[in-house]
Amino acid sequence: MNQRVIPLADVRQLQQVPAIPSTLAPPVGLLQDSRGRALRDLRISVTDRCNFRCVYCMPKAVFDEHYPFLGRDALLSFEEITRLAQVFAAHGVRKIRLTGGEPLLRRHLDQLIRQLAALPEMEITLTTNGVLLAKRAAELKAAGLHRVTVSLDALDDQIFRAMNDVDVPVATVLAGIDAAAAAGLGPIKINMVVKRGYNDQEILPMVRHFRGSGHILRFIEFMDVGASNGWKMDEVLPSAEVIQRIHAEFPLEPIDPNYPGEVAERWRFADGGGEIGVISSVTQAFCGGCTRARLSTEGRLYTCLFAHSGHDLRSLLRTGASDAALAAVIGEIWGARGDRYSEIRSEATANRPKIEMSYIGG
Ligand code: SAM
């Protein structure tokens, strides 16, 4: 997709160990940040490794055999993740998404799911490239996973193999999607990142394939996450154009969001063939409704996908901080949050140092 590589600024080093407040206010589930946004969703990256080398996310030239992936001791253990998840739940989080890297590469992931699924009123979801899903779907469902989102950027084998850059065929991912549906992990969302001039000719074939399947196809604008994907504004295909192209072949009607602040804008086929979504983080920023926090593989809390520094919760966990202290720290961090990167994005901000998506969790 893109042979130009910007040298990787390793901003993983930028972190702060948060100070524990002197008064430990107990969580009441009603946190608000400085712009009035609640905390509802937690994305947890369970590994920074991936079995794909998507050219727009983990290009081979950067993520090669010399890349310093995190060592085992650096990763949060399942017990540490679960403990933090409990604290986030007390602050009002009701949805956890496991991601990465490729989350299905984390060994014994079903054990973690079992622990998280025991949290009351918590929806547990997972985002995956689907390669290992055919083997694992039933076990993940049995562990308590509710839904999966599968990433798939093209239906054409040549384009897809070039995009994942490790020669995985489309059929492997389609088999994973079928297995997930059979295991009851639906409704399944299929996410396609659209990069103009690279895979935008795949929009209509993807629509034709998934229409009527019950799966929800969603088109994501190519974003300037990280510093290694050589992002340029003119490679973004605006969602409005995606909708126009689909509407010309299959008339569409807008539908209401499922809940306030839903990231995807929803559309349905006028003939009853199901629904699709568009996620327009570049052309129609949705920072105003962003209720997501992100926990990196090594336990740093980020309050924005485009952040360049995180808050080191792992140090607190490993130096004996109590649950009350962790809750107070998280409460303070969220209360001070003012992020709105997508609202202020420009070609200039795209060059700022930012954390890689494979590390922070997509
Ligand atoms: N490995 C898993 C997967 O493939 O779904 C989870 C992690 S991956 C980073 C999550 C999602 O982020 C994928 O759908 C990927 O296509 C998307 N993504 C990565 N880089 C992106 C970018 N620059 N713009 C938009 N989406 C991106």
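When I say contact, I mean heavy atoms within 4.5 Å. Leaving aside its neighbours within four places in sequence, Phe-88 is in contact with Leu-39, Leu-42, Val-93, Ala-293, Leu-301, Leu-313 and Ile-330.

Before I go on, this is a predicted model, in which local features need pLDDT of at least 70 and side-chain atom pairs count only at pLDDT 80 or more, while totals for chains, interfaces and linings use all residues. Residues are numbered from 1 along each chain as its sequence is written, and side-chain values use heavy atoms, with hydrogens and water left out.

Now to the strand E6, residues 189–194, where strands (E, at least two residues) and helices (H or I, at least four) are DSSP runs numbered from the N terminus. How much of E6 is buried, that is, under 20% relative accessible area, with exposed meaning over 50% and partly exposed in between (1.4 Å probe, protein chains only)? Six of its six residues are buried, so E6 is largely enclosed by the rest of the structure. Lys-189, Asn-191 and Val-193 point one way from E6, whereas Ile-190, Met-192 and Val-194 point the other way.

Two strands pair if DSSP finds at least two bridges between them. E6 pairs in the parallel sense with strand E5 (residues 147–151) over three bridges, and with strand E7 (residues 216–221), also in the parallel sense, over six bridges. Thr-149 has Lys-189 in E6 as its bridge partner, and Met-192 stands opposite Phe-219 in E7.
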